[in-house]
Amino acid sequence: MKINYLKCLHIDRLKWRHWVLMALLAIVTATRLSPTLGSFYTTHVYPAIGSVLSPVSGLMPFAVGDIFIFLSIVWAVLYPSMKRTKKAVWRVAEYLLWVYAWFYMAWGLNYSQPNIYRRIGMRPMEVNKARLKAFAYQYADSINKLSKWISVESEISTYLSKGERMRSEGAILNEYHKMSGFGINVPFNHHPHAKTMVFSWLSSMAGVTGSMGPFFCEFTLNSDIRPHEYPATYAHEFAHFLGVANEGEANFYSYLACTASADEAVRFSGYYSIFFHVINNVFDILGQKEGDKYLRHISPRVILLAKGDRGYWLNKRSKLLNAAQDLMLDIYLRGNNVSGGRKSYSGVIGLIMAWEEKKSAQRPR
């Protein structure tokens, strides 16, 4: 018996949009399987797409992507239940395929580029006890020197004035312009606008402080982030905006951009952004006794700030929603070839140490 698959899909004949969709899906599949094509996409295709989408979405004062995702979910759930036909189900399926293709063509194919070690000629570094201890104490000295600017207001406030935001954003943008040859695109939008998440309260419950909006090339920040967190969070999402998909790499570029800044507040934010990663590595690798000793070496002001932040965010979180978000994010990252899933966020310490080793090797003897 001859089966007509088009009839099964409730499609009498392939229309031009189906051919376009199949072509896009073929391009996405081929690029996801090839680091060479992924590199070409990130360095040549994505900046062109971003140069068009970013200014257009920037005309809207709200996060267009947040609204798009919300409405898409509502329609995908309600439409089949209202129509109650197989054709309605297949129409939703086709729409989701378009969303899938759009996600990867507009930004998601950045996951296919070679990792940062290959992009900048940096070798992975074994994090042994001696190296970690040297790095950790050097890091502590750096953040201790900058802790003087922390005020009581900055420890309890969640408000950052427009002038302060613009100043820190300008300082970060300036540093990203200097990163030619660092394995990241130079800024293709000279006036990027970080938008506030439409559902900040929901994001806080899930422990999300920022996100990259891939569909319209925009990045968003949670309105609940505190002043000292703002520069590093902005720099992290801006790295995503420039085509860095891996979370550990985005943390790495955020750290480089912020700690190189002449603005002390921005510099402190950069060092502070990896504080919990450093602490966790010290306790995991050096042990409890050395960890306790290390904490005594850190400025009490930094410790107080960290405790306040931890309590601040924990009070906003929903354990159930946070666990669900962690699981979904882990599946999403692993599905896009990010080894380690959510744990890739903490890979920043290994990247920074490998970078320091690379710079040390390049210095004249």
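Let's start with Ser-204, which sits in helix α10 (residues 200–206). This is a predicted model, so everything here describes a prediction. Is Ser-204 buried or exposed? Its relative accessible area is 1%, and because buried means under 20%, Ser-204 counts as buried.

What is Ser-204 in contact with, once its neighbours within four places in sequence are left aside? The list is Asn-222, Asp-224, Trp-313, Lys-316 and Arg-317. Take Asn-222 as an example: 18 residues separate Ser-204 from Asn-222 in sequence, yet their C-alpha atoms are 7.4 Å apart in space.

Now for the sheet. It is an open one, built from 3 strands in the order β1-β3-β2, with mixed pairing. At the edges are β1 (195–196) and β2 (210–213), each of which pairs on one side only. Strands in a sheet pair through backbone hydrogen bonds, and the pairing can be parallel or antiparallel. Here, β2 pairs with β3 (residues 218–221) in the antiparallel sense, over 4 bridges. If you want a spot to look at, find Gly-213, which stands opposite Glu-218 in β3. Helix α11 (residues 230–241) packs on this sheet and touches β2 and β3, its direction making about 160 degrees with that of β3.

Next, a pair of helices. Helix α3 (residues 35–57) packs against helix α5 (residues 86–106), with the axes 9 Å apart and an angle of about 110 degrees between them. Angles from 65 to 115 degrees count as roughly perpendicular, so that is the label for α3 and α5. Here is who meets whom:

| Helix | Residues in the contact |
|---|---|
| α3 | Tyr-41, Tyr-46, Ile-49, Leu-53 |
| α5 | Tyr-104, Met-105, Ala-106 |

What kinds of residues make up this contact of α3 with α5? They divide into 7 nonpolar, no polar and no charged.

Finally, have a look at helix α4 (residues 64–83). An α-helix has 3.6 residues a turn, so residues three or four places apart point the same way. After α4 comes Arg-84, with a positive phi near 55 degrees.

Technical notes
Residues are numbered from 1 along each chain as its sequence is written. This is a predicted model: local features need pLDDT of at least 70, side-chain atom pairs count only at pLDDT 80 or more; totals for chains, interfaces and linings use all residues. Side-chain values use heavy atoms; hydrogens and water are left out. Axes are lines fitted to C-alpha atoms, for helices over the stretch in contact, and angles run from 0 to 180 degrees between N-to-C directions. Helices (H or I, at least four residues) and strands (E, at least two) are DSSP runs, numbered from the N terminus. Angles under 35 degrees count as roughly parallel, over 145 as roughly antiparallel, 65 to 115 as roughly perpendicular and the rest as oblique. Contact means heavy atoms within 4.5 Å. Ala, Val, Leu, Ile, Met, Phe, Trp, Tyr, Cys and Pro count as nonpolar, Asp, Glu, Lys and Arg as charged, and the others, Gly among them, as polar. Two strands pair if DSSP finds at least two bridges between them. Buried means under 20% relative accessible area, exposed over 50%, partly exposed in between (1.4 Å probe, protein chains only).
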